[in-house]
Amino acid sequence: MTTEPATVAAPSFHDILRIAGCRHHFPLLRQLVNGKPLVYFDNAATSQKPQVVIDAMVKYYETENSNIHRGVHYLSERATQAYERVRAKVKAFVNAEDQREIIFVRGTTEAINLVAHSFGKIHVHPGDEILVSAMEHHSNIVPWQILCEERDATLKVIPMNDRGELLMDEYERLLSDRTRIVAVTHVSNALGTINPVKDIVAKAHARGIPVLVDGAQAVPHMHVDVRDLDCDFYAFSAHKMFGPTGVGILYGKRRWLEAMPPYQGGGDMIKSVTFEKTIYNDLPYKFEAGTPNIGGGIGLGAAIDYLHELDLGGVQQLEHDLLAYATEKILTIPGVRIIGTAAQKAAVLSFTMEGIHPHDIGTILDVEGVAIRTGHHCAQPVMQFFGVPATARASFAFYNTKEEVDAFIKALHKVIEVLG
Ligand code: 7TS
């Protein structure tokens, strides 16, 4: 399995056609918005769900709903087995070595908070340093800032160039004897940059430093192989990969997870409790306190099956073509500035239009049935770096089409007509 786009085997023309034909699996996409066919270009915020994912969750609630890991009755055992089967699917999906390395969490945000809290508690001390990149989502900045404040440690930042690519020489210079962890995004939600995470991991490991990768924007678009990347932690959310909200995954290498203290206390994460002493459960349950999002987990399992059928190599090619097409078209519009022009990009097109606030672009596009996100995308430091308060962002999924890009471009012309 490969992780970098350049090395993914080219999918056949037939595969591309087949994937493009999968659009009808998504019932939400059939609706009109403001009397116009919906163009959903806000996939980086959350993707739509195929019917099989919706059906799997409905079936779970109709036939299997029960609490897990605690009942001896029929339904509880069925629900437990179904939920644990999803863990096995996730393990295969990211090619983890061991099922115990797969922790169910609420999403990427919780996964990173878990590591910052639990890893930080034993490994980060006064004077230590934590290294993040200049293009992180707030969820991969703030948990580390909280930790630094608590532990009297320092947050260091890997800089980027004006295309939105990390400066790898600077990165190497920033790695020091005081660096306790590197936390970096695989794909930037605000810029689309695909970072060379394998190289980032190798350089950190050469100095014995572990690496957490924020995979929220990577898993819907490319094969992720945590053993190939050799990362120590990998975090992602189901809702960005065609699954439900409220569930996500923290992958962690066993040797780290074994040594880390629990993040939250409660049911399921214990072996025994007395008022004098509690014995914690084994991995992965040590990090899974309380009743989890069982129905959401079932939906995640269905989303993984769906992606497996789809073939992520083909998805990547299709989205790449769509991004190239949209980029070419948008640059014909006067006053457009693309924010994020890295050589390696995933399906994100962030832009500004001269003299027009991004929120106004979003509002007019909405009237035309086109859904994009406008604002700082929870990446305010990225906005500061590029000297803009906000951007408009179109983000694509494999079910989007060139006809939709045309509708989007037409709507942008309308923006100029109205406000330009
Ligand atoms: N990391 C990245 C790179 C993200 O893009 C997001 C969400 C998160 C972490 C947080 O994920 P969550 O599922 O825990 O919320 N990004 C976006 C976005 O770009 N627009 O809305 C949410």
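This is a predicted model: local features need pLDDT of at least 70, side-chain atom pairs count only at pLDDT 80 or more; totals for chains, interfaces and linings use all residues.
Domain bounds here come from an automatic or database domain assignment.

On the domain 1 side, 44 residues take part in the contact, and domain 2 puts in 38 residues.

How much area is buried between domain 1 and domain 2? The figure is about 3,200 Å², with carbon and sulfur atoms giving 57% of it. Polar contacts turn up across this interface too: 26 residue pairs, with both partners at pLDDT 80 or more. Salt bridges are another story, as the count between domain 1 and domain 2 is 0.

**Around the ligand**

Now for the ligand. There are 16 residues around it, and T109, D214, Q217, R373 and R393 come nearest. Sorted by class, this shell holds 3 nonpolar, 9 polar and 4 charged residues. Which domains supply the shell? Both domain 1 and domain 2 do, with at least three residues from each.

Here are some side chains whose N or O atoms pair up with a ligand atom:

| Side chain | Ligand atom | Distance |
|---|---|---|
| S237 | oxygen | 2.7 Å |
| R373 | nitrogen | 2.5 Å |
| R393 | oxygen | 2.7 Å |

Taken alone, the ligand would expose 490 Å², and the protein buries 87% of that. Two residues in the table, R373 and R393, are also among those that come nearest to the ligand.

Methods:
Residues are numbered from 1 along each chain as its sequence is written. Side-chain values use heavy atoms; hydrogens and water are left out. A residue is near a molecule or strand if one of its heavy atoms lies within 4 Å of it. A polar contact is a pair of N or O atoms within 3.5 Å; within protein, one must be able to donate a hydrogen and the other to accept it, and residues adjacent in sequence count only if both atoms are side-chain atoms. Accessible areas come from the Shrake-Rupley method with a 1.4 Å probe; for residues, only the protein chains shown count as cover. Ala, Val, Leu, Ile, Met, Phe, Trp, Tyr, Cys and Pro count as nonpolar, Asp, Glu, Lys and Arg as charged, and the others, Gly among them, as polar. Contact means heavy atoms within 4.5 Å. Buried area is the accessible area (1.4 Å probe) that two parts lose on being put together, summed over both. A salt bridge is a side-chain nitrogen of Lys or Arg within 4 Å of a carboxyl oxygen of Asp or Glu.
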